[in-house]
Amino acid sequence: MRYKIVLIYLFLILLSLSCREAKKADKLETANNQIIKEYVFGRFCGECRGICTLMYKFTLSENDTLMYSDYSNSYFTGNLKFLNEVKSKQNKQNIYAVLHSFPSILYENKEKMYGYPDYTDGCGIYFEFTTIENQTYKFTMDFRKSEDIPNEITDYTYKMNSLVNKIFNTDSLGKELIKEKM
């Protein structure tokens, strides 16, 4: 009987250690090894009716990861308001997959616009991240392929747009907003 109890305790200890390791694996770093604490990303469309911006804020801490949405079109005022928590394990997994494929070329600039986002009413992608050292990197990206935009940036823009669509379609507030517009 004691043997079984010892095995159970050993199993529980190993399980708790593996959970801690999984938490550590959730941390993402820049190319120069800075740990990222917050991501803001989304799509904006200047000439549209209804929901013209789909913005998300994803914060990482040692204890948890949280995600909030802003569908209020506040992107255009420069004052994003992330008031609604988005709860979905699948969304978090999708975000990690896209963020892990972040093009290293973007680390070379702290603020940059690629192409002409939303110039021809084709919308654009906004992306920003902040490190634990409080350095912020901001990017706006065009969807159109162009000689001026590296292919890895264009490919990443498509991934980000797909991610934004997936999150919006699974977010309960997003579903309510779609129903209201119909």
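Leaving aside its neighbours within four places in sequence, which residues is phenylalanine 41 in contact with?

1. This is a predicted model. In it, phenylalanine 41 is in contact with Leu54, Met55, Tyr56, Phe58, Ile95, Tyr126, Phe127, Met160, Leu163, Val164 and Ile167, once neighbours within four places in sequence are set aside.

2. The largest nonpolar core has 35 residues. Tyr39, Phe41, Tyr56, Phe58, Phe127, Phe129 and Phe139 touch the most other members. At least two residues of this core come from each of strand S1 (36-44), strand S2 (53-60), helix H2 (89-100), strand S6 (124-131), strand S7 (136-142) and helix H3 (151-170). H3 gives the largest share, seven residues.

3. Seven strands form an open sheet with mixed pairing. The order is S4-S3-S2-S1-S6-S7-S5. Strand S4 (84-85) and strand S5 (111-114) stand at the edges. Each has a single partner strand, so one side of each is left without a neighbour in the sheet.

4. S5 and S7 run parallel, joined by four bridges. Methionine 113 stands opposite threonine 140 in S7.

5. Two helices deserve a look against the sheet. H2 packs on the sheet and touches S1, S2, strand S3 (65-70) and S6. The direction of H2 makes about 85 degrees with that of S2. H3 also packs on the sheet, touching S1, S2, S3, S5, S6 and S7. The direction of H3 makes about 85 degrees with that of S1.

Conventions. Residues numbered from 1 in each chain as written. Predicted model: local features only at pLDDT ≥ 70, side-chain atom pairs only at ≥ 80, totals over all residues. Heavy atoms only, no water. Core = buried A, V, L, I, M, F, W, Y, C linked by side-chain atoms within 4.5 Å. Buried < 20%, exposed > 50% of the residue type's maximum accessible area, 1.4 Å probe, protein only. Contact = heavy atoms within 4.5 Å. Pairing = 2+ DSSP bridges. Axes fitted to C-alpha atoms, helices over the stretch in contact; angles between N-to-C directions.
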